[in-house]
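This report describes selected features of one structure.

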Amino acid sequence: MYRYDEFDARIVKDRVEQFRGQVTRRLSGELLEDEFKPLRLQNGVYLQLHAYMLRVAIPYGQLNGAKLRRLAEVSTKYDRGYGHFTTRQNIQYNWVALKDIPDALNDLAEVEMHAIQTSGNCIRNVTSDHFAGAAADEVMDPRPWCEIIRQWSTFHPEFAFLPRKFKFAVTAAAHDRAAIAVHDIGLRIVKRGEDVGFEVYAGGGQGRTPLLAALVNDFVPEAELLDYVEAIMRVYNRYGRRDNKYKARIKILVQELGPEEFTRQVEAEYAAQRRHEKIDLPQAEIDRIHAYFAPPAYDAEDGTEAFEAAKAAEPDFAQWAEVNLHPHKQAGHASVTVSLKPIGGAAGDATDRQMALVADLAERYAYDDIRVSHAQNLVLPHVPVKHLYAIWQALDAAGLATPNESLITDLIVCPGLDYCNLANARSIPIGQAVQEVFADPKYQREIGRLHINISGCINACGHHHVGHIGILGVDRKGEEFYQISLGGRADEKAAIGAIAGPALKGEDVPGAVKRIVDTYMALRTSPDELFIDTLERAGAEPFKEALYAAA
Amino acid sequence: MPLLKDGAEIENIWLFLDQDSEAELKPDQAVTLPLARFLEQAESLAGRNAPVGVRLVPEDDPTLLEPFLEWIQLVEVSFPKYTDGRGYSQAQLLRRRHGYQGELRAVGHVLRDQIFYMNRSGFDAYETARADLPSVLEALNEFRDTYQPAADGRVSVFHARHGS
């Protein structure tokens with residue numbers, strides 16, 4: 001994991017003091033709310049329905065025990081004893097007082113954390129594969145480049161007032177777990193022989209105009225990456241639309257120019273950038289940052305026998321191990337998903353005690369490494385299999401061992417109308433009601449991998465466009481309705497789901513999802529054919545018929 | 001409106017003439033013009049004895065000024081709304097790509113908390129009603145370190161770590 005040096009530490013400390021000054025000026029009335037708004041937003045402070053909300057950055061989802069424990073302490077000290085993990089791999093506190101935020105930021109700075117650029121029309125927290133550094137299918141660890149992008153984008157003077165927010169995602173694996181196709185810039189690390197480079201995609205996004213990113217360059221050498229993305233940012237900053245908030249994302253610029261013309265402009269800007277403003281990142285700096293991400297000193301002891309024995313003795317453990325483990329590149333190890341999706345819970349929420357427990361487990365058993373996934377779960381990326389049973393027992397006792405990773409109850413759900421002042425409809429209760437239908441773990445496993453994503457409004461924080469089944473809350477004359485879409489996916493075969501038909505009342509959503517699933521179970525050629533594959537093979541028609549059949 | 005430059009409040013000697021203004025100019029009056037009018041009249045303006053400048057709006061392409069950057073003495077970059085960040089790119093391009101050495105002044109909706117970024121982007125003068133001199137000086141020094149190379153020439157942290 002990256003550790004701050006004196007420079008990083010000073011920058012974050014200076015930010016805390018700067019924000020303290022801004023809050024003081026706001027509270028004294030020297031700053032008008034309208035002028036304070038972009039300042040607080042660039043520090044992750046929103047005004048929500050009931051209170052201020054603080055969004056803390058978790059760059060590329062990377063935590064360790066000390067950081068997660070501090071996140072727990074902040075929730076105890078300044079909030080109501082819980083936090084909400086988001087699809088941007090961040091954490092949100094929903095009930096903080098403005099006057100306390102500078103102190104909270106100071107507490108976070110002590111463990112090398114901040115809330116810089118977690119909101120506002122600037123470059124946001126860079127996200128990545130939550131199994132980075134552990135996954136068997138990656139060409140290299142993407143985190144060093146995420147960290148370089150984090151530093152480069154922090155307080156970038158030219159790009160702090162963009163037309164709209166801007167999100168980067170980076171993957172280095174064949175199977176895309178970072179949803180790069182629906183980001184403003186998506187990067188895939190590739191190798192040509194020994195040379196490392198980037199496939200650069202731009203113009204993806206969700207919201208009211210969901211679009212998949214276009215490939216603008218299939219190999220940018222690593223040493224030139226920052227020049228290339230700076231060129232994209234400059235084209236966007238100068239020519240992105242500013243006349244209409246809903247058309248201001250880079251995806252609209254790419255769409256209106258067409259990917260070819262957009263690419264031509266980027267390449268011209270890149271060529272000029274290389275002549276005049278070349279960043280020239282020193283190789284020693286690239287190497288320095290990579291060195292922080294060396295793999296842990298893996299435990300060589302083979303714990304397979306004990307692991308197998310525990311599974312045989314304890315069916316609940318076996319079931320969890322079947323679902324919530326991911327293959328690790330190192331023999332005798334696995335990556336563990338700590339589910340924040342208990343049946344009937346609020347997706348992505350964790351209490352202070354739960355956070356502290358996961359921190360303890362990571363320190364004790366898992367090389368002190370923790371990640372947040374964009375699916376709103378926690379991950380212990382490196383776990384010797386000999387410790388899995390002890391970890392499971394502790395998680396299970398704390399309500400953190402729901403065996404549902406990537407299954408139908410592992411829903412992505414935005415906070416919705418229960419918290420958010422943008423929302424048109426509630427998300428959390430709909431998610432809970434859907435979970436209830438599929439609560440039986442055995443039934444979930446029979447259904448297999450199936451992603452349901454729920455957003456409470458068109459801004460799509462719940463990623464409904466890329467859910468295999470997407471659920472979007474809409475407002476119809478003051479009443480909450482839900483639009484179902486089918487066939488979205490966020491992986492390397494990314495697709496935007498198609499709306500299935502008229503919106504439904506909230507109470508009808510669980511039954512409708514059940515009919516969709518029943519249709520899949522009847523149509524699939526074998527249990528190995530996933531929902532999304534059956535849908536793509538058979539088409540949406542049979543599903544729509546079932547969806548709108550009289551109950 | 002107060003004009004701040006080089007750590008002091010200075011007198012604004014410049015007169016802005018909009019596109020259609022027919023005001024009679026005194027021969028020694030320093031004047032700034034909109035880009036279109038400047039480009040139309042560049043030849044005759046070059047012969048003036050008094051200083052000449054240009055005011056850019058966010059849509060303007062600063063590259064068009066390249067042939068004139070040797071002799072114009074002021075470029076004003078206007079921020080109609082502080083949320084419109086195009087002026088930062090205009091400034092970076094003028095300073096870094098086109099080597100402009102004269103005064104680069106931020107005008108319009110210029111707030112204290114934008115000035116750090118403006119300074120890094122190459123501005124050296126700020127016309128602002130919303131920030132006094134002490135607060136601007138404070139804003140300029142809020143960060144001791146900066147990650148990126150920019151128009152202010154500060155050594156980036158990426159490079160400072162390796163002694164370059």
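In chain A, strand 8 and strand 9 (residues 195-202) run antiparallel and are joined by 8 bridges. Two strands count as paired if DSSP finds at least two bridges between them; strands (E, at least two residues) and helices (H or I, at least four) are DSSP runs, numbered from the N terminus. Ile185(A) stands opposite Ala202(A) in strand 9 of chain A. Strands 8 and 9 of chain A form a hairpin with 2 residues between them, and in the turn Gly193(A) has a positive phi of about 60°.

The model is predicted: local features need pLDDT of at least 70 and side-chain atom pairs pLDDT 80 or more, while totals for chains, interfaces and linings use all residues. Residues are numbered from 1 along each chain as its sequence is written, with chains lettered from A and ligands numbered from 1 in the order in which they are written.

## The sheet of chain A

Strand 7 (residues 168-171) of chain A pairs with strand 8 (residues 185-192) of chain A in the parallel sense over 4 bridges. Val170(A) has Leu187(A) as its bridge partner in strand 8 of chain A.

## Contact between the chains

In total, 30 residues of chain B are in contact with 32 residues of chain A, contact meaning that C-beta atoms, placed from the backbone, lie within 7 Å.

Notes: Two residues are in contact if their C-beta atoms, placed from the backbone, lie within 7 Å.
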